[in-house]
Amino acid sequence: MRLYKGESLFRQGEEGPLFRIESGLLKVVRLHPDGSAFIFNLLTPGEVIPHHSLISPKEYHGTAIALTTCEVTVIPPDEWYGAMERDPARYREAALLLQAKLRMMQQRIDQLTALEPAEKLARLQEWFGAYVQDTPLGDLLTQEEIGQLLGLRRETVNRLLRAKKPQASRNA
């Protein structure tokens, strides 16, 4: 299955299949009762999602939206959970997938614990660069979303991104 930038893979509160991300990046946002959205996860190639449903099914905790063109394999729940029941070694596979996600989250925590806002932004840009080399971070996420990922105000992100642009392009 192919998703293009901005398309949703699943929506918060729905129930459905699991997915293996073959290529591309997705963000997961949680919608609040007041209509505001908060980005809380980034999904990368090799992940099977939703993570909280790798052992047993549960409704989607957020809405997954493609940041880039993505190739995704749909995994029917009966197939995934049935394989686990038939072959207990599949639980190890699920544990390894969760371990990989925890390690990625540790990297995100390192981004958050940097002391200087510019360092936080640089670490996030470096992380994204491992997946999308030629696309500026601002083309993938809004300044508000970057701020949510880094624990910074949108205005601070705006100032940091403007400071990184060459002087000539600011005057144009």
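Helices and strands are DSSP runs, numbered from the N terminus, and a strand has at least two residues. The exercises below concern a predicted model.

**Exercise 1.** Determine where Glu47 is found, and whether Glu47 is buried or exposed.

*Solution.* Step 1: Glu47 belongs to the loop between strand E5 (37–43) and strand E6. Step 2: buried means under 20% relative accessible area. Step 3: the relative accessibility of Glu47 is 8%, so Glu47 counts as buried. Step 4: the side chains of Glu47 and Lys101 are joined by a polar contact of 3.3 Å. Step 5: beyond its neighbours within four places in sequence, Glu47 has contacts that include Phe19, Leu42 and Met104.

**Exercise 2.** State in which order the 4 strands of the open sheet are arranged, and which strands lie at its edges.

*Solution.* Step 1: the order is E1-E8-E3-E6, with antiparallel pairing. Step 2: strand E1 (2–3) and strand E6 (48–49) each pair on one side only, and these are the edge strands. Step 3: helix H1 (residues 77–86) packs on the sheet and touches E3, E6 and E8.

**Exercise 3.** Classify the ring pair of Phe10 and Tyr60.

*Solution.* Step 1: planes under 30 degrees apart count as stacked. Step 2: the ring centres of Phe10 and Tyr60 are 4.0 Å apart and the planes stand at 20°, so this pair is stacked. Step 3: Phe10 lies in strand E2 (residues 8–10) and Tyr60 in the loop between E6 and strand E7 (63–66), so the pair ties together parts 50 residues apart in sequence. Step 4: Phe10 is buried at 6% relative accessible area, and Tyr60 is buried at 4%. Step 5: Phe10, Phe19 and Tyr60 form one aromatic cluster.

Methods
Residues are numbered from 1 along each chain as its sequence is written. This is a predicted model: local features need pLDDT of at least 70, side-chain atom pairs count only at pLDDT 80 or more; totals for chains, interfaces and linings use all residues. Side-chain values use heavy atoms; hydrogens and water are left out. Two strands pair if DSSP finds at least two bridges between them. Contact means heavy atoms within 4.5 Å. Axes are lines fitted to C-alpha atoms, for helices over the stretch in contact, and angles run from 0 to 180 degrees between N-to-C directions. Buried means under 20% relative accessible area, exposed over 50%, partly exposed in between (1.4 Å probe, protein chains only). A polar contact is a pair of N or O atoms within 3.5 Å; within protein, one must be able to donate a hydrogen and the other to accept it, and residues adjacent in sequence count only if both atoms are side-chain atoms. Rings of Phe, Tyr and Trp (its six-membered ring) pair if their centres lie within 6.5 Å; planes under 30 degrees apart count as stacked, over 60 as edge-to-face and the rest as tilted.
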